[in-house]
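Visitor: Could you walk me through this protein, please? I am new to reading structures.

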Amino acid sequence: MPYDLIITDQYAKRAANLLKRHPELRSQYLKTLQLVVTNPFHPSLRLHALSGKLAGLHSVSINISYRITLELLIQNQEIIPVNIGNHDTVY
């Protein structure tokens, strides 16, 4: 069962800025979002829960350097991207 992807205005701006600076990530980014919607637990996403100040959020990998932090609401079948960027930016 596919998940609903809820894109906030704040996240859309962050993603647009990242893709403007790194257009080479566009296809990987879109593929990652497609996979998150169809199967957020796919091994290639490396989904994991975050701790500390980001407790309650999860992270998936776009590639070795870039991540997306997510609010994963399994009960409602919703995924809300929160932030996107490299490891230092996201965490």
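Visitor: To start, where does asparagine 83 lie?
Guide: Asparagine 83 lies in strand 5, where strands (E, at least two residues) and helices (H or I, at least four) are DSSP runs numbered from the N terminus. Please keep in mind that this is a predicted model, in which local features need pLDDT of at least 70, side-chain atom pairs count only at pLDDT 80 or more, and totals for chains, interfaces and linings use all residues. Residues are numbered from 1 along each chain as its sequence is written, and side-chain values use heavy atoms, with hydrogens and water left out.

Visitor: And is asparagine 83 buried or exposed?
Guide: Asparagine 83 is buried, because its relative accessible area is 14%, and buried means under 20%, exposed over 50% and partly exposed in between (1.4 Å probe, protein chains only).

Visitor: What is asparagine 83 in contact with?
Guide: Leaving aside neighbours within four places in sequence, asparagine 83 is in contact (heavy atoms within 4.5 Å) with Tyr11, Arg14, Arg67, Ile68, Thr69, Thr89 and Val90.

Visitor: New topic: where is isoleucine 64, then?
Guide: Isoleucine 64 sits in the loop between strand 3 and strand 4, and it counts as exposed because its relative accessibility is 72%.

Visitor: Which residues are buried in helix 2?
Guide: In helix 2, the buried residues are Tyr29, Thr32, Leu33, Leu35, Val36 and Val37.

Visitor: What covers them?
Guide: The cover over the buried residues of helix 2 includes strand 1 (4-5), helix 1 (9-21), strand 3 (58-61), strand 4 (66-73) and strand 5 (78-86).
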